[in-house]
Amino acid sequence: QHDLLKISQEKGLPLETINYLAGIYGSRLASVLAYVNEDSELSRRIRSGYPDIRAQIKHAVTEEEALTVNDFLLRRSTLGLSPSQGQDAVESVAQEMALLLGWDNQEKQKQIQDYRNLVAVSQKFRKGAV
């Protein structure tokens with residue numbers, strides 16, 4: 001816990017964010033935070049109200065070969081498990097991934113729509129409508 005407080009102070013990130021990231025990444029926490037060292041913008045939250053930060057997107061694309069918005073939201077973060085199922089973060093994630101992966105606007109919009117379609121099917125299934 002002391003180490004996480006020190007990291008929080010060094011990176012200028014809230015302790016709750018560091019604790020959250022440590023819970024997800026464990027020993028790979030330093031790898032995610034290295035992106036914050038390169039670009040302080042990556043310390044910004046993906047969406048207010050959630051602890052996830054933009055460095056997680058870069059880490060997922062660069063280190064884990066995440067190539068779709070679906071992959072990031074459902075497998076590389078906990079946003080897809082949130083009450084909104086990540087729908088309130090999908091555009092921010094798509095924008096960041098577009099920059100990293102060189103998507104044009106058409107591909108970015110396709111990625112957003114693919115995710116929304118997947119969530120819609122999931123919600124129908126949960127309600128027993130499928």
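Student: Which residues of α6 are buried?

Tutor: In this predicted model, where local features need pLDDT of at least 70, side-chain atom pairs count only at pLDDT 80 or more, and totals for chains, interfaces and linings use all residues, the buried residues of α6 are Val90, Val93, Ala94, Glu96, Met97 and Ala98. Residues are numbered from 1 along each chain as its sequence is written, and side-chain values use heavy atoms, with hydrogens and water left out.

Student: Why is Glu96 called buried?

Tutor: Buried means under 20% relative accessible area, exposed means over 50%, and partly exposed lies in between (1.4 Å probe, protein chains only). Glu96, a residue of helix α6, has a relative accessibility of 8%, and therefore counts as buried. Leaving aside residues up to four places away in sequence, Glu96 touches Leu42, Arg54 and Ile57, where contact means heavy atoms within 4.5 Å.

Student: How do you know that the length of α6 fits a helix?

Tutor: The expected span is 1.5 Å times one less than the number of residues. For the 12 residues of α6 this gives 16 Å, and because the end C-alpha atoms are 16 Å apart, the expectation and the model agree. After α6 comes Gly102, which has a positive phi, near 70°.

Student: What makes a set of residues a nonpolar core, and which residues have the most contacts inside the largest one?

Tutor: A nonpolar core is a set of buried Ala, Val, Leu, Ile, Met, Phe, Trp, Tyr and Cys residues joined through side-chain atoms within 4.5 Å. The largest such core here has 20 residues, and those with the most contacts inside it are Ile46, Val69, Phe72, Leu73, Leu79, Val93 and Met97. Two or more residues each come from α4 (54-63), α5 (69-76), α6 (90-101) and α7 (105-126), and α6 gives the largest share, 5 residues. A second, separate core holds 15 residues, including Leu21, Leu29, Val32 and Leu33. In soluble globular proteins, nonpolar side chains tend to be buried together.

Student: What does Met97 touch?

Tutor: Not counting residues up to four places away in sequence, Met97 touches Ile57, Val61, Ala66, Leu67, Thr68, Val69, Phe72, Gly102 and Trp103.

Student: How many helices and strands does the chain have?

Tutor: The chain has 7 helices and 0 strands, counted as DSSP runs (helices H or I, at least four residues; strands E, at least two) and numbered from the N terminus.

Student: What makes the chain as compact as a globular protein of its length?

Tutor: The globule rule is 2.2 Å times the number of residues to the power 0.38, and the radius of gyration is taken over C-alpha atoms. For 130 residues the rule gives 14 Å, and the chain has a radius of gyration of 15 Å, which is close, so the chain is as compact as a globular protein of that length. Taken along the principal axes, its C-alpha atoms fill a box of roughly 50 × 35 × 25 Å, and 39% of the 130 residues count as buried.

Student: Why is the pair Glu91 and Arg116 called a salt bridge?

Tutor: A salt bridge is a side-chain nitrogen of Lys or Arg within 4 Å of a carboxyl oxygen of Asp or Glu. The closest N and O atoms of Glu91 and Arg116 are 2.9 Å apart, so the pair falls within the 4 Å limit. Glu91 lies in helix α6 and Arg116 in helix α7, so the pair ties together parts that are 25 residues apart in sequence. Glu91, at 48% relative accessibility, counts as partly exposed, and so does Arg116 at 28%.

Student: How do you know that Arg76 and Glu64 are paired, and which network of salt bridges includes them?

Tutor: The side chains of Arg76 and Glu64 meet at 3.6 Å, N to O, which is also within the 4 Å limit. Arg76 is in helix α5 and Glu64 in the loop between α4 and α5, so the pair ties together parts 12 residues apart in sequence. With a relative accessible area of 24%, Arg76 is partly exposed. The network links Arg28, Glu64, Asp71, Arg75 and Arg76, and the whole structure has 11 salt bridges.
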